[in-house]
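Grab a pencil and open your viewer. Here are a few exercises, each with a worked solution.

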Amino acid sequence: MQVFQYRPKRRAIQIGTLALIVLIPATGLFRIDLSTASFMVFDHPMWWSNIFFVFGLGLMIATAPIITYMTIGTVWCGWACPQNTISEWANNLTHKLLGKRANVGIDSEGLKVAAAKNKALNWIVLGLSFITASLLLGIIPFLFFFSPSEVWSFITFSSTAKISGFMRPLYLFMVSLIFIDIAAVRYFWCDYICLYRIGQRIFISKEALHVKYDTARSADCAKCNYCSASCITGINPTNIKLEDSCINCGECIDACNRLHEKKCMHGLLQFRFGEDSSINTLRGYLARMAAKFNWWVGALFLFGCLMFAWGIFKTV
Ligand code: SF4
Ligand code: SF4
């Protein structure tokens, strides 16, 4: 049995997603050209009059989240979403420097800093780490609106172009927003502001991927709350309700598996599709998912993809 079954894979996907978000505009795959108010795909302009491209893109954006709600549940949040990646990193660093119970978020009930760690040096390291991360992340939005060479000349202060005149204050504004997000907002965004999350609350079902607790072995849990202590959103994995903020990260599953490793047993938590415990093969899951899937939404998504591809094909 692996010590961490999910965490290394999740970290790889989180880093890969951040890299993709940088590479998509940096390579010219997709960008927005402010001077002509057009989308740039493979460095070709896509005008608003390209109805296939615009309508296809709109359909894809509207239906893709609903498909994820019905199939992989909250996996996007736990495994790829940059907001969660940044919040998780900020929480881990805060706990390392200020103690396990420290919480500097706007929704915290006081700072709860460990007395032994309440040192100026720890606060300075934490603050400098957040500022450095904000300075780096603040560059990313600009890649979607300017070419990498323009962004580079702006970063290296080598540009005398007019563009730098408004980019600098805009960049400082962006860095300030990101700093506030990293330092204090974190999961408050997910819980109260994120539109994707609001959609999840409307569309999610038990048919989608979720964490399942083995109630038949609940006696094993006496005096143990290791999974709750490991949960990055602070919920109880042995009793997850549909409306809870579980992000399918798998940390609780890894924790319980590690606990049972010495006894050569699996833990009491595992990922499951649907409620039918007699289905436990991938083929079975896929068949059940296909039976429950809303094919109207699937068809609209496919139609959007085809229109989008055709809109690009006839322009490029
Ligand atoms: S870590 Fe496992 S054994 Fe411990 S409370 Fe959670 S499910 Fe029960
Ligand atoms: S309950 Fe488990 S899978 Fe859900 S957020 Fe908590 S640790 Fe992650």
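This is a predicted model: local features need pLDDT of at least 70, side-chain atom pairs count only at pLDDT 80 or more; totals for chains, interfaces and linings use all residues.

Residues are numbered from 1 along each chain as its sequence is written, while chains are lettered from A and ligands numbered from 1 in the order in which they are written.

**Exercise 1.** Work out how strands E1 and E2 pair.

Solution. Start with the elements: helices (H or I, at least four residues) and strands (E, at least two) are DSSP runs, numbered from the N terminus. Strands E1 (residues 30-33) and E2 pair in the antiparallel sense, with four bridges; pairing takes at least two DSSP bridges between two strands.

**Exercise 2.** Now do E2 and E3, then sort the faces of E2.

Solution. E3 (residues 44-46) pairs with E2, again antiparallel, over three bridges. Val-41 has His-44 as its bridge partner in E3. Two residues separate the strands of this hairpin, and Phe-42 in the turn has a positive phi of about 50 degrees. As for the faces of E2 (residues 38-41), Phe-39 and Val-41 make up the covered one, Ser-38 and Met-40 the uncovered one.

**Exercise 3.** Why does Leu-18 count as partly exposed?

Solution. First place Leu-18: helix H1 (residues 7-26). Then count: Leu-18 is partly exposed because 16 C-beta neighbours lie inside 10 Å. The cut-offs within 10 Å are 20 or more other C-beta atoms for buried, 12 or fewer for exposed, and partly exposed in between, with C-beta atoms placed from the backbone. Last, leaving out residues up to four places away in sequence, Leu-18 touches Pro-82 and Thr-85 (contact: backbone-placed C-beta atoms within 7 Å).

**Exercise 4.** Which residues come nearest to ligand 1 and to ligand 2?

Solution. Ligand 1 has 13 residues around it, with Cys-221, Cys-224, Tyr-226, Cys-227 and Cys-256 nearest (near: C-beta, placed from the backbone, within 6 Å). Helices H11 (226-230) and H12 (251-261) each give two or more residues to this shell, and H12 supplies the largest share, three. Around ligand 2 there are 16 residues, the nearest being Cys-231, Pro-237, Cys-246, Cys-249 and Cys-252.

Conventions. Two residues are in contact if their C-beta atoms, placed from the backbone, lie within 7 Å.
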